[in-house]
Amino acid sequence: MAGSPAGPPIDPSADPPAILIRDARLRASTAARFGIDPAIHVDIVIRDGRYESIAPAGAETVGAAVDRTVDAAGGLVTESFVNGHLHLCKVNTLPLVGDAALAAYHGAGMGGAMTAIELAANVKKLYRTDRLLPGIRRALGRGVEYGMTHVRAFADTDTTAKQEGIRAVMAARDEFAGRMAVQAVAFPQDGVVRDPGAADQVRQALNDGADVVGGIPWIEFTDAGMREHIVAMMDLAVEFDRDVSMLVDDAGDATLRTLETLATETLARGWEGRVTAQHARAMALYPDPSFLRLSALLRQARIGVVSDPHTGPLHARVRELRDHGVPVGLGQDDIADAYYPFGRNNMLEVGFLAAHLLWMTSGPDLEAIYDMITVDAARVLGIADFEIAVGHRANCVVHRYPTVRETLAEHERPRLVVYHGAAVAECA
Ligand SMILES: [Zn+2]
């Protein structure tokens, strides 16, 4: 199943043809919102980019004629997939790096995470926008095929990569605009204090249209440097009116507390609901009282967490965060780069792996996993009106299996992928 590079061009400004998806099965949680018995199949009409009607199959509620009918044949229809974290400038760069960085990143307790980042930095000396674009297109093309319609895409923006990575990511964002929403994050991967000049590179990227301010405070050498990093990037976010995504505490070091600082600086600026935290692996080592205090602070600052359990041996405390009301999404994180050798941009595969690594395998657990690659990830990224509901923008997938369990087990391409009401990928 080789990924086609970019798929057919779609005009994002044109009204897509109206679609009737007949004989669809909804998730129980979705059916409950409509007061429909989940055993009853439904017909879904999508018109002018939005859900026009959702009604029991066969009812005379379809209204005006549609341009196209798709028979779901009792397969599950759900919201499409949201990828909360992907290093898009690095995808498919593993052949340039070699195995040394992988070994350092995944070594005992992730103590060598910083070494891995330094080894990976060598690749950036080769960065050129036109060299990066083919690999990026391949990764995004596969994402569309696998039903991913939204992705938060990080691009190293520092004194080594300069503007090459973020330019490639923004060019791909614009190219794919009719098929998926790419949020380009200007990300100072090697630090802000450690890498003087990185903040200016991030500023330039924001001036040129980057969507989100990135950060990685734990990489600084001192606690004071970590705070300075967070303050500098948060100040840029306020100045440019942008959301923030930071990689926090991504090493096996229980003393790391940059997520706590990020939350306090969020509250200080009134930026609640506009900040997300990626990785946050060190919390796995926190004593329970510290973790509980942090959870309360995250709730207050309305910070969601994106976890990527398959790309490292330590994981954010996903189940407990959810239990404490902190929204959690999952991310692909890496695709064939210095940190991870696999990755197809298939969020069902990410969910399948997370179910094992987080040991979330009961029926309700699998529903939670599915939420974390769809509706909860959308909440974390601040994507409004994402749930299947009349009047909302239609971003959905038609699966060939009737249940979440079977869909995760097989993690196959959906039969149909709909983005903003347009069919953007199909698989017979
Ligand atoms: Zn990452």
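The legends below describe close-up views of a predicted model.

**View 1. The largest nonpolar core and two of its residues.** The largest nonpolar core of this predicted model has 138 residues, and those with the most contacts inside the core are Ala155 and Val169. This core draws at least three residues from each of two domains, namely domain 1 (19-79 + 386-426) and domain 2 (81-381). When residues up to four places away in sequence are not counted, Val169 touches Leu88, Cys89, Ile136, Ala153, Ala155 and Ala184.

**View 2. Helix 13 and what covers its buried residues.** In helix 13, which spans residues 363-372, the buried residues are Leu366, Ala368, Ile369, Tyr370, Asp371 and Met372. The cover over these buried residues includes helix 11 (318-323), helix 12 (347-357), helix 14 (375-381) and helix 15 (404-410), together with strand 13 (328-330).

**View 3. Aspartate 249 in its loop.** Most residues other than glycine have a negative phi. Asp249, although it is not a glycine, has a positive phi of about 45 degrees, and its place is in the loop between strand 10 (243-248) and helix 9 (258-268). Asp249 counts as buried because it has 30 C-beta neighbours inside 10 Å, where 20 or more are needed.

**View 4. Aspartate 333 in its loop.** Asp333 lies in the loop between strand 13 and helix 12, and this residue, although not a glycine, has a positive phi of about 70 degrees. Because 26 C-beta neighbours are found inside 10 Å, Asp333 counts as buried.

Conventions:
Residues are numbered from 1 along each chain as its sequence is written. This is a predicted model: local features need pLDDT of at least 70, side-chain atom pairs count only at pLDDT 80 or more; totals for chains, interfaces and linings use all residues. A residue is buried if 20 or more other C-beta atoms lie within 10 Å of its own, exposed if 12 or fewer, and partly exposed in between; C-beta atoms are placed from the backbone. Helices (H or I, at least four residues) and strands (E, at least two) are DSSP runs, numbered from the N terminus. Two residues are in contact if their C-beta atoms, placed from the backbone, lie within 7 Å. A nonpolar core is a set of buried Ala, Val, Leu, Ile, Met, Phe, Trp, Tyr and Cys residues joined through C-beta atoms within 7 Å. Domain bounds come from an automatic or database domain assignment.
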